[in-house]
Amino acid sequence: YTPLAGLLTCIMADNVEGSSGEGGGPSLEEEEEAAGMAGFGVGGLVFNVCLLLLALVGMYRLYRRRRAGSETESKEPELPKMKKRDFSLEQLREYDGIQNPRLLLAVNGKVFDVTKGKKFYGPDGPYGIFAGRDASRGLATFCLDKEALRDEFDDLSDLNAVQMESVREWEMQFLEKYDYIGRLLKPWDEPSEYTDEEDVKEHSKQD
């Protein structure tokens, strides 16, 4: 047993202790740091879950509110189909959605029931100004002001060819989409007498 052998033995012993110390497990500082990172990860996950739940609750409430509104609208009683008849300007004004829940308007001498288009022609609709009135001039000139309305019969004689063509196009669109009820009477006209058979036949065409 020489001194050199003893020195080698000591060095080897020190290396073994150092290796066992490094590989024997994490230090206290490392354990605390890992625990902190784990806590942060869990906390972040909980926060994200809470945000998701809040978003889902908000979306559900919005859905319920819209559904309740649509159900309220759908619960409004549907008006029966109106029998054919002619109207004077004064008689037509009653059907503006306020005095009477039914909505009528006239285009080019024809009266249409636009009640099913309440979103457009009702009191709060973009074209509500035409309800209960002769809408011919306003539609021809693309004017939604009261200036386009006449308190007396409007023969549209001052409209140009392009505007009159526009009136006829609107008339065709209304014939395709809404129920034709009767004529808008001129001051000297007499109302026509419509039979129930004519009324049924006209409504079957619209359906």
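The legends below describe close-up views of a predicted model.

Residues are numbered from 1 along each chain as its sequence is written, and side-chain values use heavy atoms, with hydrogens and water left out.

**View 1. The largest nonpolar core has 14 residues.** Such a core is a set of buried Ala, Val, Leu, Ile, Met, Phe, Trp, Tyr and Cys residues joined through side-chain atoms within 4.5 Å, where buried means under 20% relative accessible area and exposed over 50%, with partly exposed in between (1.4 Å probe, protein chains only). The members that touch the most others are Leu105, Phe112, Val114, Tyr121 and Phe174. Apart from this core lies another, of ten residues, including Met82 and Leu184.

**View 2. Helix 6 covers residues 161–177.** Helices (H or I, at least four residues) and strands (E, at least two) are DSSP runs, numbered from the N terminus. Among the buried residues of helix 6 are Met164, Val167 and Phe174; seen down the helix axis, the buried residues fall within an arc of 155 degrees (taken from the directions from the axis to the C-beta atoms), so they line one face. The face turned away from this buried side carries the exposed residues Ala161, Val162 and Glu176.

**View 3. Asn160 caps the N-terminal end of helix 6.** Here a side-chain oxygen of Asn160 lies 3.1 Å from the backbone nitrogen of Val162.

How values were computed:
This is a predicted model: local features need pLDDT of at least 70, side-chain atom pairs count only at pLDDT 80 or more; totals for chains, interfaces and linings use all residues. The expected span of a helix is 1.5 Å times one less than its number of residues. A polar contact is a pair of N or O atoms within 3.5 Å; within protein, one must be able to donate a hydrogen and the other to accept it, and residues adjacent in sequence count only if both atoms are side-chain atoms.
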